[in-house]
Amino acid sequence: MSGVKRKRNILNVKQKLEILQKIDNGESARTDAEDVLNEGNTISHSAALQSVGTLLDYMGQRGFDYGDITAVRKICVDIRQEMNKQQEQRRITDFFKQ
């Protein structure tokens, strides 16, 4: 893997100041920093499901082992559960905003 450069995510000055202010106020800023850094690197659940679906099609065509296909299907279930959990959290948040 020599010669492969890894993209570094760097917080800008404004983002750093916001996080430092939260720390000064006694708040945890860890998740905020992670959210900012991962902002450009996230993939939607539907895109992930589509990619996994494509992978399953490929595995079926190539005659992959049943255990491997089952493991990939488990990933689909995990993605759907996470999707449902986030939708439920949004519903609750929206309910309290009204």
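A salt bridge is defined here as a side-chain nitrogen of Lys or Arg within 4 Å of a carboxyl oxygen of Asp or Glu. By this criterion, the whole structure contains three salt bridges. The structure is a predicted model in which local features need pLDDT of at least 70 and side-chain atom pairs count only at pLDDT 80 or more, whereas totals for chains, interfaces and linings use all residues. Residues are numbered from 1 along each chain as its sequence is written, and side-chain values use heavy atoms, leaving out hydrogens and water.

**View 1. Salt bridge between Lys74 and Asp78 in helix H4**. Helices are DSSP runs of H or I with at least four residues, numbered from the N terminus. The closest N and O atoms of Lys74 and Asp78 are 2.6 Å apart. The two residues are four apart in H4, so about one helical turn separates them. Lys74 has a relative accessible area of 47% and is partly exposed (buried is under 20%, exposed over 50%, partly exposed in between, with a 1.4 Å probe and protein chains only). Asp78, at 35%, is also partly exposed.

**View 2. Salt bridges Glu82–Lys85 and Arg91–Glu88.** The closest N and O atoms are 3.4 Å apart for Glu82 and Lys85, and 2.9 Å apart for Arg91 and Glu88. Glu82 and Lys85 lie three residues apart in H4, about one turn of the helix; Arg91 and Glu88 are likewise three residues apart in H4. Partly exposed residues here include Glu82, at 29%, Lys85, at 45%, and Glu88, at 38%.

**View 3. The two faces of helix H3**. H3 has 18 residues and reaches 26 Å from its first C-alpha to its last, close to the expected 26 Å (1.5 Å times one less than the number of residues). Ala48, Leu49, Val52, Leu56 and Met59 are buried in H3. These residues lie on the same side of H3 because they cover an arc of only 95° around the axis, taken from the directions from the helix axis to the C-beta atoms. The face turned away from the buried side carries exposed Gln50, Asp57, Gln61 and Arg62. Helix H4 (66–97) is included in what covers the buried residues, where contact means heavy atoms within 4.5 Å.

**View 4. Nonpolar surface patch of Leu55, Tyr58 and Phe64**. Together these residues have about 270 Å² of accessible area, from the Shrake-Rupley method with a 1.4 Å probe; for residues, only the protein chains shown count as cover. Patch residues have over 30% relative accessible area and no salt bridge, with like charges joined within 9 Å and nonpolar side chains (Val, Leu, Ile, Met, Phe, Trp, Tyr) within 5 Å. Tyr58 is in H3 (residues 45–62) and is partly exposed at 39% relative accessibility. Just after H3, Gly63 takes a positive phi of about 75°.
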